[in-house]
Structure formats: structure tokens, C-alpha cells
Amino acid sequence: MEKWTAQKVANYVIHKKQLFILDVRNQDAFADWKIDGENFEYMNIPYFDLLDGVEKLVPQLPKDKEILVVCAKEGSSVMVTEMLDEAGVKAGYLEGGMKAWSSYLEPLKVADLEKGGELYQFVRLGKGCLSYMVISEGEAAVIDAVRFADVFENFAKEKNAVIRYVFDTHLHADHISGGRLLAEKTGATYYLPPKDAEEVVFDYVPLEDATTVKIGQAKIDIQAIYSPGHTIGSTSFIIDEKYFLTGDILFIDSIGRPDLAGLAEDWVGDLRATLYNHYRQLSTDLYVLPAHFMIIEELNEDGTVGKRFGDLLAENHGLNIEDEEEFRKTVTDHLPPQPNAYTQIRHVNMGRLTPSADEQTEMEIGPNRCAVR
Amino acid sequence: MKIDLQLDAKGLSCPMPIVRTKKAMDQLESGQVLEVTVTDKGALADIPAWANASGNKIVKQQENGDEYVFILQKA
């Protein structure tokens, strides 16, 4: 009986390997959210349907594929894997279950910067969140850190870099930001867009349009661009004049939804102006790096998520709706269900709620839902 | 309502609340009633899902602080 780590599963996702997932959570949980892999096959049988034995299940399992049993936290998958083992079927279980999957971050290098330095993307495969770290000459900046502050801290340490700046592109509603905690732990300056931060109860530095910070003996610019639409304060970044961090405004295959902090009708105009006017004054050679991915097909060959801006202008449906009224209708009529506990999550990110680690996990359960297609 | 059997599954985590609930239910006759108390949040969704799949009926469900009580009637 093999114990699989989330890291091993991530390797299978990124390298598009084959895997048969036997998900033993209840059907609602499976329908809502699962481990996505391009070459994964799935079977969902709740563990409680297997309490009398796995005899009926065994003939339905593939003989030529690795089998991974998955549940919410681990317990049920261990039970089912043991039962399979006794029935002569070799299978593994996911250590920590979907809870561990939701927390796992895979750090991937996006680029070596021309003037010296590196840009990393932290892919949270289970939740679709993307965080960034720019490192240059012993200094680092982190953008849209998820709540596992120690991952960023340790990564910077490994690279012999000190985290100087921490930014959030906006007040997140789908996941708990690690920005504030990371800044507290490292002594970094924490920047937030003031229009999103009116209700926060802690100190931060206002992130205004055209704010520029420099790291690595002033070689690398991180330049802020005010770009409302997903939230009223949403801000994008251009790093080293090339890498365009679009936050939750523009994704690879979709655009940001404008309703999680207010009313879609109020902000859809801002979203339109940002995507169709403001962004279009920028170079098409910029490389777009969003704060989320929605579907596994958005991953590049190496597991990173990013694409040339010019390609998105041609291919992303959300950038190709000429008529303003039709755009408005498309955005407001096709809003997906709202993310789990999004109001609570916003309050956590404002510092108004301080849930335990378990409660934070509970709040973040489920897929990312920041986009509208 | 008359409770025929009580099960204390407090402090147990998944899959044990359901494993014990099923075992307790196996001891009962059709129409008899089981009261289960759990603290595991996972059981909150799983007990109704299990009851639905096994045909047993949830007569009542209530929350007392960190404890959740289910009254189940055997099919």
C-alpha cells in the first residue's frame, strides 16, 4: 500500500501522466471539485458504499494503470486502499487527501530576467491559485502570496534572498491571502490597493497607480497599473518591462468576474475599460501571468501558466466582444456559482476574522471561481 | 420519538463515524430509531449522503455547539 504525496500527484498532473483516481468522497463533493489531470481517469464511489466489501468494485478497476484512492482528509482512502490490498489490488492513497491537495504549491521558474534575476510562479494546482516571486541579487518581492507564508519564506531562504516587498493585486475573495503574514514574518513592506482596503484593520502601504519598486540594486522594476474590474482596487504589475501580472482581471482562457465584492452591474464598466482601453495601450509582446487558472488545459508544457498578451488578444473570448452591451450581458449573465465562503474569506483578508488553520482549510474547500467565460 | 439505540461517535474522524453508524444500524430492525452524535464535520455531509444511498431516513438533525446529532430511522 503506497502513500502518495501531493507533490507526486502534482508531478503526474504537470507531466500529463496517466493515473486512475478512485475518489471515495460523496458524490456532491466529487461533482464540485476533484484532482484535474489531462490524462486522468476517474471513478467516484463513496467510501460508505464500500463498507460491505470491494468485490463488486475490483473487476471495474483497470489492470494496466496506477490507481490512487482519494478522499477528503485521508482516513477513508486508507480504509479503501487496505480493502483493495486484501483483495489483491495494488493501489496507493493520497496522504492528507484533498485537504493536502488544496494546500500544495509547486514552485516553477517562469523566466530568467534579462538584467539578472529570476521570476518564479507558485502553482497551487488544487485551487488554481498562482503566486509570484521575483528574485534579484539577494532581494525578493512576492505577489499574491497564498496563505502558506512559510513556503515563500523557505523558498527565498533557499535562494539566499530577503523578501523586501509583498503585494496583493486586490483583496482576494476565493482564497486567504498570505501577504500580511508573510510581511509580518519577514519584515517586508505590505502593499495593498487602497480602494480594496477601506475596511482592513491592519497597517499597509497604499499601492497606487504608477507605484514602482526596485529590487536587486535597482535593476528590476515592478511597476503598478491601476486596473479595476474584478474589484474596484484591482492593480496589475509589469515586471522588468516584460512580465505582465494581471491579477484576477485577465486570465488565459477567461476574464475576471466583477461581482464578488459588489454588484456585477456596477463594475462591469470598469472591467470593460480596463480590458478594452487601458490594457490595449500596452505592448502586445508582454507576457501575461494571471493570479489564477481555471482549467488544467491552461497549463503550459512545463506546468506554468502564462501567454503572450498579443496571443490572448486574438484568442481569449473575453477580449473579443466588440459590442459593449453584449460584453455587459455576457459577463453578468454567465456568472458561475460564487466561491465557497467568499464573504468570510474577504473578511479574513481584511483582518476582521481570524479563523484557526482548520477553519481556513474549510473555508477554502472547493475550486476557484473567479472567472467568467 | 423513542430512541432504540444511541451511538456516541464524538471525537472520531472519517471514516469511523459512518462505519460505526452502519454497524449500529445493522443491529436494528426496520422502523427502529438510532441516535448518533458526531463531532467530525465531514460526517455532516456524509451521514445524509449515506442515509440517502442506503435508504434509511433522517428524522431529525440538530447542532449543539460542536456536536451534531442525527436521528435515523432504519428502512
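## Salt bridges in close-up

**View 1. A:Lys34 is partly exposed, at a relative accessible area of 27%.** Here, buried stands for under 20% relative accessible area, exposed for over 50%, and partly exposed for anything in between (1.4 Å probe, protein chains only). The partner to look for is A:Asp36, which joins A:Lys34 in a salt bridge with the closest N and O atoms 3.4 Å apart; a salt bridge means a side-chain nitrogen of Lys or Arg within 4 Å of a carboxyl oxygen of Asp or Glu. A:Asp36 is partly exposed too, at 33%.

*Notes on the model.* This is a predicted model, in which local features need pLDDT of at least 70 and side-chain atom pairs count only at pLDDT 80 or more, while totals for chains, interfaces and linings use all residues. Residues are numbered from 1 along each chain as its sequence is written, chains are lettered from A and ligands numbered from 1 in the order written, and side-chain values use heavy atoms, leaving out hydrogens and water.

**View 2. A:Glu153 and A:Lys185 meet in a salt bridge, 3.1 Å from N to O.** The pair links distant parts of the chain, 32 residues apart: A:Glu153 sits in helix H5 (residues 149-158) and A:Lys185 in helix H6 (residues 179-186) of chain A. Helices (H or I, at least four residues) and strands (E, at least two) are DSSP runs, numbered from the N terminus. A:Glu153 is buried at 17%, whereas A:Lys185 is partly exposed at 43%.

**View 3. A:Asp285 pairs with A:Arg308 in a salt bridge, with the closest N and O atoms 3.2 Å apart.** A:Asp285 lies in the loop between helix H7 (264-278) and strand S18 (287-290), and A:Arg308 in strand S19 (residues 307-308). A:Arg308 is partly exposed, at 31%.

**View 4. A network of salt bridges links A:Asp52, B:Lys22 and B:Asp26.** Over all chains, the count comes to 26 salt bridges.
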